[in-house]
Each structure stands twice: as C-alpha cells, then as structure tokens.
Amino acid sequence: MKTKNKNTWIMAGVLILGFLLGWLVFGGSGKTGENHVHGEESGVAEIWTCSMHPQIRQNEPGKCPICGMDLIPLDKGGGGDPAVVEMSENAVKLANIQTVMVGKKAAEKVIRLNGKVVPDERKVYTQTTHISGRIERLTVNFTGERVGRGQTLAVVYSPDLVTAQEELLQAYAIKDAQPELFEAAKQKLRNWKIGESRINTIISNQSTIQHFPIGADVNGIVIEKKVEPGDYVERGMPLYEIADLTRVWVLFDIYESEMVWIKEGSKVNYTIASLPGETFEGVISFIDPLINAQTRVATARVEISNKDERLKPGMFASGEIQIMPGSAAQEEIAIPETAVLWTGERSVVYVKETTGNKVGFKLREITLGPSLGNAYVVKSGLREGDEIVVNGAFTVDAAAQLAGKPSMMNPEGGDAGTGHHHGTAPENNTNGNPPVKMKISEEGKAAVEKVMKAYMKLKNALVNDDKTIAQQRLESVKSAVTSVDMSLFEGAAHKHWMVVRNELNENAESMNKATDIKAMRQYFKPFSETMIRMANAFGPFSVTLYVQHCPMADSDKGANWLSLSDDIRNPYFGNKMLKCGEVTSEIK
C-alpha cells in the first residue's frame, strides 16, 4: 500500500514538473520573444536628412527647410572604415556628386597671352642736329609722316656756322701760303656734317649760307616730334624719333607662374584684334630676364616681318602656346581643378570606395604639380584606377565634418556635432580668431571687387522679389568669377581664392536650379557666407561693405549678407520684411 502511494506521488510530481517545463519553454519563451521583437521595432528611430544639407536631422520624412528638397533616410555606417563617409546611391544622385576614374596621359597645357605690337628697337633712330642754333622752320610737322634718307627735316640758323664759313673763306684766300689752315677750316665744317659739295658751293659763291637744312639720316616713319619752330638746339640734341616699321616686335606679357613653361624658341599662335579672321605664327626669340616691379610680369618677344606695314605699333594681340610638359613616355596623372580642395598648405581630394550597396568617400591628401589651366598634375597621392569626386566635393566634405570623419579642415576627424552652422554671424565662423587676411596686388583686388559688385546686383534683385532679374544677375556673378585671372593671386592667397571660387561656383549652380525665389534665397545664404569670407580675406575695397544679419531668416536660424549701405534691405524676405536685420560688422 505504501509502495503504491509512493508511486502515485512520484507520477504526480513528474506530471507537475512536465507542465512547469512546458510553460517555461513555450509560454514563457513566446512572451519573451514577443517583447524582444516589440523592443526592436520601437527602438528603431529612422533619421531623415538632406543630401545637400546633411546637418538637417528629422525623425520623419518631409522637405528640407533650407532648400526644399525631399529628405532621404540617413545611412548608418557600421563595421566599415571609420574614415569613410557613406551615402546611398540615391543620396549621391540627389547631391549631384560626380566622379571620374584617374588615369595617366600626356599632360597638355595651353597658356594664353596678351601682348601688343611695338617697333623693333633696333630699327628706331633718333634724328639729332649736328648744328647748334635756332630752329627757323620745320618741314616735317606731325608724327606718322613718312621720311626718306636725305630729306630736309628742319632749317637752322647758326651763328657758329656762319663764323666757321667766314673762316673758310679767309683760309681759302691764303691757301697757297698756308694749306694746312685751309684744310683745318674745311674739316671743321665736315664735323658739322657739311658735305663736300656744300663746302665747294660756299667757296665758289664767296658768301656764307645763313640757314642750313638738316637732312634725315634714315628712312622711316616719324613716331615722335621733339622740337618746335623757334627752339634753340645744341649740337647733338634730338629732333625726331624715326622708326623703320618693315620689321616689328610683338611683346607678350608673361606672369611669374607661367615663366617656368615658356622658353626661347616656343611657338606662339596669335591673332590681332584689328585683323579679324587671320591667325599668325611666330617664335619667341627673347624673354626679358627682369620682371616689372609694378605689373609683376616679364615680356616675351616675337619678331615679325612687316614689309606691307599692316601691323601698326600699339595694336593688341592675343596668343596661345601649347605646352606638352611630358612626352608619351612621361605621361602624368592629371585631375580637374574642381576635384581639389585647398586648405593652408594641404591639397586634398575625396576618393570613392564602394562596398556592397553603399557608396563611400574617403579623404586623401595629394601633392600637386604644375597647373594645366583647368587641371593639375598630381605628383603623389593618387594612382591609376582611383575614382575621385570632381563635382560636389564640398558637399561630401560637409557631410564628413558633420559625421566627425576626417575632412578638409579636420584631417584627424572627430565629433563635429550636428547643429546648424550656416546662420551664424561672420565673426563667429572663425572660432574666435580674426578673419583670415590675404595680401594681394591692386590688380587682384580690382578683380575681386568686380565679383563683389556683381553680387550686390544679385542681392538687390532678391530684395525686389524679382527671380527673373536675379537669375540674370546670377549669370553676371558667375561670369565675373570665371573671368578672374588666377595668376593675380600668389601663395596662400591663390589657394584661398581657389577654395572661394569653387564654393561660389557650386552655390551658384544650386541657385540656378532653384524653381522659385524662395529656394533661390535658401542657396543665397551659403553663397553670401562665402562672399563675406572673401571680402574679409581680400578687402578692404574702394567702398565700405556692411555685413548684415537677419535672425529670422532660414526658419529663425539666421542668415547674413553684404551691402553697400548700412540701410537694411533684406534679400531673404524682400517686401514681406524689408527692414528685418542689423549691421554686425564693417569692412572698410
């Protein structure tokens, strides 16, 4: 009986244990799994951002508050190279990021030169007087007149010459007794360039000549008249400049940065503005070893035969020199200048790295060689097959800075934060340091000022709420930026200008694609920030510039702009809030 009860309790215990295990395995684990899945779903908060303004962060899709573009999901990198900025294919397309494959080729450079026609200095003659006296009459009275050798140019009355003639006649009377005296008297007249026939005429007429003609020593064109009737001239004084224009020079200006490319013997193809449709070819025969201290240029000479005298001194010429820095066996890696970002002494590019369905871009420092105009030779840092960003490099760099990745201004990387930095006043953009100042020539400053004046007209069009005029003014700004001669900037100033120029071009392109004036004003904000930085770096200019700030622009984030007056005329709101803003600083 006891054994039976014992077995019954054992079976009951096993049964209860089985129920317990079943509940734990099926009931408990099912509930835990449900909670786990729920936690996964509730823990994922998808972040939406703008491909053009990666500092924008929202928890739901919508429009970018800056540019109005559709927001895209933020790609979260994980497990890859921490130095790579990852973007989706869609984000790359929306940001208009373009890349090219790096390859070697025979680098070719075209140097454009400006010059003018001048007389051949070896064929320019100064006509002097061999007789001292008073100019009684000029027979050649204006520049440009053609003269021939022996032609009378002026008539001179010379008391000294009259006295010398009288001495000749007296010596002639006693020539048999004193032949040496007679010969000395004749030699004195010969020293005054009086010919033998004229001496014989004086002797035969037994009278002095009161007015002596001065004849031209060479054939040519009078290019300068130096005397007037009644002037008293000493022996050896210049009367005219006479040039033989059957051979002329074309002198081309060479900037310091281009002198390394141009040698004696280089071929030049050039055109003359006043002879449209004709192309001339010449060879550089001489390069001035000295640089002009004011213009900072040297001159290259091309000698031209001009027997028909079609080329006139003073005509302007435009020339081109094709330079091949290396032969086919010395091909170089060359990349577009739009791919390069400059900061201080460093030059960097972004190299594309694709992993799976992600597109990544990694910062790489490079060493640049000579400029090829719109491209640069790369000495080190890139190899054949690398794919680099050539359009949108600043967009990639902005994303890198915000993500704490290595970037142009922060090569080591680090947390850059995700705050919106475009609305700060210009003095706050320097981290407490004064704005960068660059020393440039007066020509460089004048070129930058033209860009500034074009910008002011664009700003005024936005003030007046006129998108059509604003787009026209935008084209003028782009033209002014493109026309700036980069050789006007040297050293750090050159690199700073290249950064500014690339930023202006990218922002101008974005403004040009804007569908309405509201979107155009959003892109005008980073455009103005670059202009302010440019004005601080290369100013002051011939006029005072006022940096103005509106705290309500860009959805109360604030925006800056430049003005020629301290009167507030807001380009971000136009007539809606024309007077919103204040002057924050002056550049004067």
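**Reading a predicted model**

Reply: We may begin with a loop: Pro 540 is found between H10 and strand E26 (545–550). Please bear in mind that this is a predicted model.

Me: What kind of peptide bond joins Gly 539 and Pro 540?

Reply: As a general idea, most peptide bonds are trans, and most residues other than glycine have a negative phi. Here the bond between Gly 539 and Pro 540 is cis, with omega at about 0 degrees.

Me: Which residues other than glycine have a positive phi?

Reply: Glu 309 is one of them, with phi near 55 degrees. Glu 309 belongs to the loop between strand E18 (297–305) and strand E19 (316–323). Asp 465 also has a positive phi, near 60 degrees, and is placed in the loop between helix H7 (442–463) and helix H8 (467–482).

Me: Is each of these residues buried, exposed or partly exposed?

Reply: The cut-off needed here is that buried means under 20% relative accessible area, exposed means over 50%, and partly exposed lies in between. Glu 309 has a relative accessible area of 15%, so it is buried. Asp 465 has 33% relative accessibility and therefore counts as partly exposed.

Me: How should I read a helix such as H10?

Reply: One may compare its span with the expected value. Helix H10 (residues 517–538) has 22 residues and reaches 30 Å from its first C-alpha to its last, close to the expected 32 Å. One then looks for a bend. H10 bends by about 30 degrees at Lys 525, and Pro 526 follows within four residues.

Me: Why may H10 be called largely enclosed by the rest of the structure?

Reply: H10 may be so described because 20 of its 22 residues are buried.

Me: What does the side chain of Lys 525 contact?

Reply: The side chain of Lys 525 makes a polar contact of 2.4 Å with the side chain of Asp 554. Asp 554 is in helix H11 (residues 553–556) and is buried, at 7% relative accessibility. Asp 554 and Gln 522 are 32 residues apart in sequence, yet their C-alpha atoms are 7.1 Å apart in space.

Me: Where else can I compare sequence and space, as with Ser 510 and Asn 96?

Reply: Those two residues are 414 apart in sequence and 9.9 Å apart from C-alpha to C-alpha. Ser 510 lies in helix H9 and is buried, at 14% relative accessibility.

Me: Which polar partners does the side chain of Gln 548 have?

Reply: Gln 548 is part of strand E26 and is buried, with a relative accessible area of 0%. Its side chain makes a polar contact of 2.8 Å with the side chain of Trp 561. A polar atom of the Gln 548 side chain also lies 2.9 Å from the backbone oxygen of Ser 565.

Key: Residues numbered from 1 in each chain as written. Predicted model: local features only at pLDDT ≥ 70, side-chain atom pairs only at ≥ 80, totals over all residues. Heavy atoms only, no water. Helix = DSSP H or I, 4+ residues; strand = E, 2+ residues; numbered from the N terminus. Expected span 1.5 Å × (residues − 1). Bend = angle between axes of the 7 residues up to and from the residue. Buried < 20%, exposed > 50% of the residue type's maximum accessible area, 1.4 Å probe, protein only. Polar contact = N/O pair within 3.5 Å; in protein donor to acceptor, adjacent residues only side chain to side chain.
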